[in-house]
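Q: Please take a close look at a single side chain in this protein and describe its surroundings. Then set that part within the whole.

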Amino acid sequence: MKLSNFDFDLPKELLAEHPAENRDESRLMVIHRKTGQIEHRLFKDLVDYFDDGDVMILNNTKVFPARLYGNKEKTGARIEVFLLRELNQEQRLWDVLVDPARKIRIGNKLYFGDDDSLVAEVIDNTTSRGRTLRFLYEHSYEEFRAKLAELGETPIPKYIKRDVTEEDTERYQTIYAKEEGAVAAPTAGLHFSKHLMKRLEIKGIDFPEITLHVGLGTFNPVEVEDLSKHKMDSEQLIITQETCDRVNRAKANKKKICCVGTTSMRAVESSVSTQRTLNPYEGWTNKFIYPPYDFSIADCMITNFHTPKSTLLIMISAFMGHDLMQKAYEEAVEQKYRFYSYGDAMLIL
């Protein structure tokens, strides 16, 4: 499989700029891999496809307000700073992206907040847009993180050409988000409402959780035709023993194992035993799943509709088969399904 196999025409108007009015009332395309049948439902109809003892693996990562706007010392130029990851808690060192990058050099200082209450110094260049910042803030670490949260905004994807709203603060976050550390939401989970979760729980569905802190690499384009040469960015991953026990028990009992989102799928496929069961894990993963690939844990998944040539679309193709993926995506465009982070969902059975 080459990168060019994953190109298709996606009309710009199908890129969802806003979430559906109600989380669980976005559209749901249901795809049956064995028969090739495609159904058109609503997300809340998910209940119809699962039974007592089935498992849905959730990614409980929480998006933090990673986008800051500061001013460069002396010139006052407005600079966007995107927090990627904390490098050293004690020294308050962060890996960031800056825009426009050409203006930001080692030794420059940036001032944040109307009162310049937060200052950062550039101490290293990492990539063309990447910098290492040391934040100069004399209060406690808890107060420093509170200040970042106060000054930062929800990092909705760049394709959404509008200002961030209060709605985004709530809706660009799953209702089960717990572990702060992501700079992008695991978007398949955005469709779950409290009411739908309760209905699924009453039916006996189990919700073990993993934590995969989604990085900006999830949006990086694939730039090599030979997929085996593409390198994924590493993302922090935690899979507990308790989650493994719940997933492996359901697997042993021949219950459905459903990954909610490509992040959950990457997570579980990053820690598989020789017996094809799930192992606990704490560390980093840069796993890239592309066809042909033999999946070990999940036998179904929920995902959004992805953009051409993305690593996410490539993984979906590996899971459902390339021809069926093409058929489903042609139908999605024809039926005007909404794509990308705030878009509609797909259940692959």
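A: The side chain of Thr243 reaches the backbone oxygen of Glu209 at 2.6 Å. A polar contact is a pair of N or O atoms within 3.5 Å; within protein, one atom must be able to donate a hydrogen and the other to accept it, and residues adjacent in sequence count only if both atoms are side-chain atoms. The model is predicted, so local features need pLDDT of at least 70 and side-chain atom pairs count only at pLDDT 80 or more, while totals for chains, interfaces and linings use all residues. Residues are numbered from 1 along each chain as its sequence is written, and side-chain values use heavy atoms, with hydrogens and water left out.

Thr243 belongs to helix α4, which covers residues 241-252. Helices (H or I, at least four residues) and strands (E, at least two) are DSSP runs, numbered from the N terminus. With a relative accessibility of 3%, Thr243 counts as buried; the term means under 20% relative accessible area, whereas exposed means over 50% and partly exposed lies in between (1.4 Å probe, protein chains only). Apart from residues up to four places away in sequence, Thr243 touches Pro208, Glu209, Ile210 and Leu278, where contact means heavy atoms within 4.5 Å.

A polar atom of the Asn108 side chain lies 2.6 Å from the backbone nitrogen of Arg105.

Asp52, by contrast, is exposed, with a relative accessible area of 53%. Asp52 lies in the loop between β2 (38-42) and β3 (55-59). Leaving aside neighbours within four places in sequence, Asp52 is in contact with Lys203, Gly204 and Lys255.

These residues may now be placed within the whole. The protein has 7 helices and 17 strands. Its radius of gyration is 21 Å, close to the 20 Å that the globule rule gives for 349 residues, so the protein is as compact as a globular protein of that length. This radius is taken over C-alpha atoms, and the rule is 2.2 Å times the number of residues to the power 0.38. Buried residues make up 53% of the 349 residues. Of the contacts with a separation of 6 or more, 71% are between residues 24 or more positions apart.
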